[in-house]
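This report describes selected features of one protein model. Please consult the sequence and the structure alongside the text.

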Amino acid sequence: MSRVSRNELLYQGCYAHIISRSIRKLKLFIDDEDFLFFKKLLIRAKSQAKFKIYHYCIMQTHFHLAVRMDDIKNFSHAIRDLKRDYAFKFHGKYKLSGPIWRERFKSLLIENEDYLYACGKYIEENPVRAKLAKQAVDWDYSSGQCYELNEIDTLVDRYDKQVSMAEVVLNEEYFEGGSIIGSDFFRFQFFESRKR
């Protein structure tokens with residue numbers, strides 16, 4: 001199946017899994033200062049573009065966000081500016097130049113809050129899969145501590161209602177491959193609507 005463009009996939013008020021990786025697996029976040037500066041930029045981007053972040057994980061070579069966006073264009077510009085501003089700081093600090101990001105960003109449409117929550121759990125388990133932490137709550141640069149330890153995190157927008165994890169396997173192909181995270185029926189509806 002052909003790649004779905006961001007404008008065909010996303011819509012006002014949708015949930016999405018956002019992923020952006022470094023070029024050549026370059027370590028972009030090396031010390032606490034790097035992680036905290038990026039988080040500060042994320043808070044600013046979120047405030048300016050008026051989107052919500054339900055889950056996040058900042059890894060050494062990439063980041064994940066589970067978001068709700070009201071305006072796709074504003075969101076895209078905010079992420080572009082975030083990555084540009086971080087690159088500027090990174091270049092200055094580490095005396096480097098050239099591109100540091102592999103792509104604009106990847107986005108996968110999420111069906112509803114149940115799948116958003118399941119995706120969030122997948123996102124928060126990234127450091128465990130990478131063997132950087134024994135448990136998700138051990139990684140300081142994700143929303144894991146917010147949900148598991150009930151810690152305050154100014155980056156995280158909590159759910160308005162109780163959600164349950166959709167019955168899905170937490171694997172990379174499901175949450176990072178393709179274009180859609182959701183039920184088979186949701187995927188079917190989406191691709192059928194594209195044929196019209």
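Glu176 touches His17, Ile19, Arg21, His64, Lys106, Leu108 and Tyr122, leaving out residues up to four places away in sequence; touching, or contact, means heavy atoms within 4.5 Å. The model is a predicted one, in which local features need pLDDT of at least 70 and side-chain atom pairs count only at pLDDT 80 or more, while totals for chains, interfaces and linings use all residues. Residues are numbered from 1 along each chain as its sequence is written, and side-chain values use heavy atoms, with hydrogens and water left out.

Glu176 belongs to helix H7 (residues 172-176); helices (H or I, at least four residues) and strands (E, at least two) are DSSP runs, numbered from the N terminus. The relative accessible area of Glu176 is 8%, so this residue is buried. Buried means under 20% relative accessible area, exposed over 50%, and partly exposed in between, with a 1.4 Å probe and protein chains only.

| Side chain | Partner side chain | Distance |
|---|---|---|
| Glu176 | Arg21 | 2.3 Å |
| Glu176 | Tyr122 | 2.6 Å |

Helix H2 (residues 32-49) comprises 18 residues and reaches 26 Å from its first C-alpha to its last. That is close to the 26 Å expected at 1.5 Å a residue, the expected span being 1.5 Å times one less than the number of residues. At the N-terminal end, H2 is capped by Asp31, with a side-chain oxygen 3.2 Å from the backbone nitrogen of Glu33. Lys50 follows H2 and has a positive phi, near 55 degrees. Buried residues of H2 include Phe35, Phe38, Leu41 and Leu42. The buried residues of this helix pack against strand E2 (52-58), strand E3 (62-69) and helix H3 (72-94).

The cysteines form 0 disulfides, a disulfide being a pair of cysteine sulfur atoms within 2.5 Å. For Cys57, which is in no disulfide, the nearest cysteine sulfur is that of Cys119, 12 Å away. The sulfur of Cys146 is 14 Å from the closest cysteine sulfur, in Cys57, and is therefore too far for a bond. Cys57 is buried at 0% relative accessibility, and Cys146 is buried at 3%.

Key:
Polar contact = N/O pair within 3.5 Å; in protein donor to acceptor, adjacent residues only side chain to side chain.
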